[in-house]
Amino acid sequence: MTKTIDAVQDQFETFQILSEDGEIVNESAMPKLSDEQLQELMRRMVYTRIWDQRAISLNRQGRLGFYAPVAGQEASMLGSHFALDKEDWILPGYRDIPQIVFHGFPLYQAFLWSRGHFQGGQIPEGVNVLMPQIIIGAQIIQAAGVGFGLKKQGKKNVCITYTGDGGASQGDFYEGLNFAGAYAANAIFVVQNNRFAISVPVEKQSAAKTIAQKAVAAGIEGIQVDGMDVLAVYAATQQARERAIAGEGPTLIETLTYRYGPHTMAGDDPTRYRTKDLDSEWEKKDPLVRFRKFLEKKNLWSEEQENKVVEEAKEDIKASIKKADGAPKQKVTDLINFMFEELPYNLREQLEQYTAKESK
Amino acid sequence: MAQMTMIQAITDAMRNELKNNENVLVFGEDVGQNGGVFRATEGLQKEFGEDRVFDTPLAESGIGGLAIGLGLTGFRPVMEIQFFGFVFEVFDSIAAQMARMRYRSGGVYNSPVTIRSPFGGGVKTPELHADSLEGLMYQTPGIKVVIPSTPYDAKGLLISAIRDNDPVVYLEHMKLYRSFRGEVPEEEYTIELGKADVKREGKDVSIITYGAMVHASLKAADELEKDGISAEVIDLRTISPLDIDTIIASVEKTGRAIVVQEAQKQAGIGAFVVAEINDRAILNLEAPVLRVTAPDTTFPYASAEDVWIPDHRDIVDKAKKVYNF
């Protein structure tokens with residue numbers, strides 16, 4: 001028995017391109033990215049780190065609502081997103097706001113989503129993303145459907161979706177992978193394994209040594225990637241995308257990553273369940289540090305460039321919060337009007353009641 | 001006009017919509033080559049191909065997710081849940097996802113999904129096949145719930161359900177599938193969702209009902225007539241939203257009403273109908289509005305169905321109680 005399990009696990013070794021020192025350790029797997037693309041990847045990661053810091057601070061000031069920190073996961077989120085085409089679909093989880101923002105969802109709307117405002121759900125035309133999913137696993141079965149739809153339409157596009165290590169224990173996680181496999185749907189499933197589902201360590205989720213091997217249950221490709229290595233995440237996603245649009249079916253990508261902050265800003269205190277040693281071990285693997293080293297060696301990144309991004313991010317965030325502040329106050333009549341194409345009698349009556357109340 | 005059973009009318013409606021709109025997809029467990037466990041999708045895969053009518057893995061939740069995803073990419077999914085007792089597996093997809101899609105996207109996205117599913121007692125099915133769970137759906141903002149009781153209604157309502165741009169739960173009572181034939185036009189027609197149908201006009205007491213209880217109520221009305229009581233039978237057809245105008249007009253006319261459902265007293269929609277009548281027509285009432293329901297137990301073991309499911313005698317008794325109040 002043990003032998004069988006070992007044999008399975010041996011097939012899911014961690015895929016890595018960049019070492020912690022920013023050295024290429026897997027030259028043959030190096031993705032073909034131009035200097036500008038490499039810089040753009042770095043720019044996005046720095047931008048997101050600043051945005052995360054500002055979001056935490058804005059949340060503490062009461063100027064943002066629900067927020068799930070992302071620091072530490074920039075490579076996993078943005079490396080995977082960078083491999084996508086504009087026409088690809090993203091079904092994000094609640095932490096996956098950076099991916100949809102870089103896919104075209106305006107930042108001020110992301111802030112409105114955080115605050116709980118309907119404009120935070122109004123995805124602009126042509127931006128193929130859904131609102132962040134709160135029900136862990138629901139995005140996985142829906143991604144199988146979107147991926148199957150794209151395949152049926154003969155589109156050379158994919159649907160990518162994200163969940164965490166805890167999410168891989170859900171029934172919908174298995175069903176989504178399995179459906180996508182059975183229909184060879186154009187789907188990519190990313191599990192961002194940051195080792196903790198709130199306070200529960202990944203070891204308590206499953207006896208499986210990797211999450212990537214759960215692909216075996218669906219008969220689909222699975223790969224475990226160093227999720228702090230933006231090049232490895234990009235390369236794995238790009239390959240998964242190519243396979244999907246070639247009709248070869250879905251892929252499960254597990255990214256090994258870490259969140260430096262709390263689970264969410266709703267009172268979670270990670271010092272209750274994480275040690276300082278573990279935190280500092282993962283801080284050494286910081287995706288920004290390692291990619292910065294890599295770029296600096298190639299003379300593609302400087303402190304000046306980084307500061308420019310930091311300033312740009314701060315300006316954008318300031319402007320976006322201001323824009324979010326300008327959104328109209330929500331009225332019950334707005335909420336009623338979003339329920340159906342044509343309102344049933346009960347809502348027609350209530351619309352009348354609230355219209356009268358609101359005009360007082 | 002053709003004589004059809006309800007299940008033939010349902011198949012005919014799906015055939016019509018598969019023909020009418022290339023985005024319509026029919027899928028579920030065994031709906032493809034097998035033609036469905038009740039033959040509701042008989043011949044459809046052969047006629048329209050596997051791209052349009054196909055089987056799924058055995059996982060209701062996955063089927064719901066598939067429908068949502070296909071809906072987002074421009075298709076009009078008609079998904080089947082083999083028995084509505086299995087809805088609990090897919091409750092999130094229906095109640096927390098499809099039902100909220102339009103709202104949570106501020107009107108940008110929608111879920112044009114029709115969920116077909118058989119339910120209903122009287123045919124001695126095994127556990128969790130026959131339970132009446134429409135009340136759970138009634139309590140969920142964002143979805144419509146349709147329950148036909150005749151072949152004619154079944155076809156027109158299903159075509160409307162498939163064309164609706166919001167999610168519709170379409171529940172098919174198993175006992176009514178083949179129990180009788182009715183006139184069904186061969187051409188396409190629609191019946192507006194949210195519209196009740198007065199199946200029998202009367203002046204003394206309104207019997208408001210749906211599903212298999214429509215037929216029990218019509219039988220009860222025949223018996224009541226022998227005793228000189230004229231019952232009006234309203235078939236709700238759509239239980240969410242209710243056709244409040246038809247209900248209230250009838251109660252205003254008769255001054256007495258009962259609500260009849262196969263579900264348990266604590267379930268179904270009886271309590272909601274009573275509350276609406278109390279809110280809107282209390283001054284017209286000569287007596288309280290009473291309910292005919294099943295007892296508040298789990299759905300019965302098959303051999304106990306006869307003593308558990310309400311029948312026309314229960315309806316006659318309750319109608320007389322209201323009449324003689």
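This is a predicted model: local features need pLDDT of at least 70, side-chain atom pairs count only at pLDDT 80 or more; totals for chains, interfaces and linings use all residues.
Buried means under 20% relative accessible area (1.4 Å probe, protein chains only). Those residues are A:Glu306, A:Val309, A:Val310, A:Ala313, A:Ile317, A:Ser320, A:Ile321 and A:Ala324. An α-helix has 3.6 residues a turn, so residues three or four places apart point the same way.

Helix α12 spans residues 303-325 of chain A, 23 residues in total. Its first and last C-alpha lie 33 Å apart, close to the 33 Å expected at 1.5 Å a residue. Helices here are DSSP runs (H or I, at least four residues).

## The contact between chains B and A

Chain B gives 43 residues to the contact and chain A gives 39. Contact means heavy atoms within 4.5 Å. About 3,400 Å² is buried between the chains, 62% of it from carbon and sulfur atoms. Buried area is the accessible area (1.4 Å probe) lost when two parts are put together, summed over both. In chain B, B:Tyr103, B:Arg104 and B:Tyr109 lose the most area to chain A, together 18% of what that side buries.

## Salt bridge

The two chains share one salt bridge. B:Arg280 and A:Glu349 form a salt bridge through their side chains (2.6 Å, N to O). The term needs a Lys or Arg side-chain nitrogen within 4 Å of an Asp or Glu carboxyl oxygen.

## Conventions

Residues are numbered from 1 along each chain as its sequence is written, and chains are lettered from A in the order written. Local features need pLDDT of at least 70, side-chain atom pairs count only at pLDDT 80 or more, totals for chains, interfaces and linings use all residues, and side-chain values use heavy atoms, without hydrogens and water.

Key: Helices (H or I, at least four residues) and strands (E, at least two) are DSSP runs, numbered from the N terminus. The expected span of a helix is 1.5 Å times one less than its number of residues. Buried means under 20% relative accessible area, exposed over 50%, partly exposed in between (1.4 Å probe, protein chains only).
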